[in-house]
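Good morning, colleagues. Please look at the sequence and the model on the screen, and I shall then begin with the ligand.

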Amino acid sequence: MYLDKEDELILAGEYGETRQKMMEILVALGKVFGAEDLVPISSAQISGASYKTIGKWGLEWLNNLDAHVAVPSVLNPIGMPRENWEEIGISKEFADNQKEVINAYRRLGIKLECTCTPYYLNITNYGDHLAWSESSAVSYANSVLGARTNREGGPSALAAAMIGKTPNYGLHLFKNRMPGISIEVEKGEGVHANHYGAIGYLTGKLVGNKIPLFKDIRPSRDQLKALGAAMAASGAVALYHVKGITPETKLPTFSQDPSEVITIEQSEIDALFSDIDVDAVAVGCPHCSPDELAKLAMLLDGEKVKRPFYIFVAKGVKDANLQYVSKIEKSGARVIEDTCIVVSPAMDKFETVMVDSGKAYSYVPNMCGCNVRIGTTEECVRVAIS
Ligand code: F3S
């Protein structure tokens, strides 16, 4: 793999041991995947931020690093909100460990925005190369924004953040971004027909890591977010296209007709929904957009929740939409920043949790040890207040 003079000096240890180690990670990855060179990135998003997922060994690794990031870099959700964490049942022991993780990342120059929706921070443009690691964020960046990122692990995203470059392979190359399978979604009727989390959950299971092309659906941006997040969780989809909607399908060089076609039937979608009893409700997977907060504020206006109802969001989005947050919290629901349904231990105490997200539906049983029920956002609110 070609390295320029500066990169060679970093690799030789001229800029310190941490940068040398980071460059070694990038070079090793580049060799494994046949990258010809490194490509400059405009931002990094780093997973491995919750103490629940990295534990004490991850923390020790972070504490041994001694360099600053070279590009704007943010974190994936951590295991608790940075303030008032005790209100969602986080133990002091967990909180102390999580604070140490936060301090380790702060020391490296990483912005303490802890979110899987870094695209709401306006740090990404069409065509940018990135090193992002959270699967739903990767999917949104590649598919909806037309940026280019592989799905990085926490260490490789951190290495790219510190060097400001990433190996140029996989989804960084236009030739690797063409669809490999066409998805037809049967036009159904009823409240679940346009549940893009459910459609994504079923599609991801069928396509694995192929790049799907949808031709006959017209999702909004929030629905694209739900669709991509679910496909990344139940499958390994890091890029998908929706004809006429996602940007790369409008390019003259885009290849429109994969030979393999599968159909998602309405009966399969309907079969995911049940009415089992739940003891808590959680939405905001991926973190809520301003529009989703507005919708929740409208649905909860004048209502009181009768069971715990958690709404997860990026701190920046929460702070910019306090008018919706206060309306939501008047109902007794909680709007929680920095953390999420899956990476915090907050949901683990419940037996059955209701979600509106195909990704949460896929992850909650294993990651939180609870049963899960999926519904629309409206159904989640209805259950929370009944
Ligand atoms: Fe985000 Fe956590 Fe869901 S990281 S996509 S809210 S599982």
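The ligand sits in the second largest pocket. A pocket here is an open set of points on a 1 Å grid over the protein atoms alone, with protein on both sides within 12 Å along at least five of seven lines; a molecule sits in a pocket if more than half of its atoms lie within 2 Å of its grid points.

This is a predicted model, in which local features need pLDDT of at least 70 and side-chain atom pairs count only at pLDDT 80 or more, while totals for chains, interfaces and linings use all residues. Residues are numbered from 1 along each chain as its sequence is written, and side-chain values use heavy atoms, with hydrogens and water left out.

Which residues surround the ligand? They are Pro77, Cys116, Glu134, Ser136, Gly284, Cys285, Pro286, Cys340, Val342 and Lys359, each with a heavy atom within 4 Å of the ligand. This shell divides into six nonpolar, two polar and two charged residues, where Cys and Pro count as nonpolar and Gly as polar.

The domain assignment, which is automatic or from a database, gives domain 1 (5–174), domain 2 (178–271) and domain 3 (280–385). Because domain 1 and domain 3 both give residues to the shell, the ligand lies between them. The centres of domain 2 and domain 3, taken over C-alpha atoms, are separated by 24 Å. Their contact (heavy atoms within 4.5 Å) takes 11 residues from domain 2 and 16 residues from domain 3.

Let me return to one shell residue. The peptide bond from cysteine 285 to proline 286 is cis, with omega near -5°. Proline 286 is found in the loop between strand S11 (280–283) and helix H10 (290–300); strands (E, at least two residues) and helices (H or I, at least four) are DSSP runs, numbered from the N terminus.

Methods: 1 Å grid on protein atoms, 1.4 Å probe; cavity = no way out; pocket = protein on both sides within 12 Å on 5 of 7 lines; lining within 4 Å.
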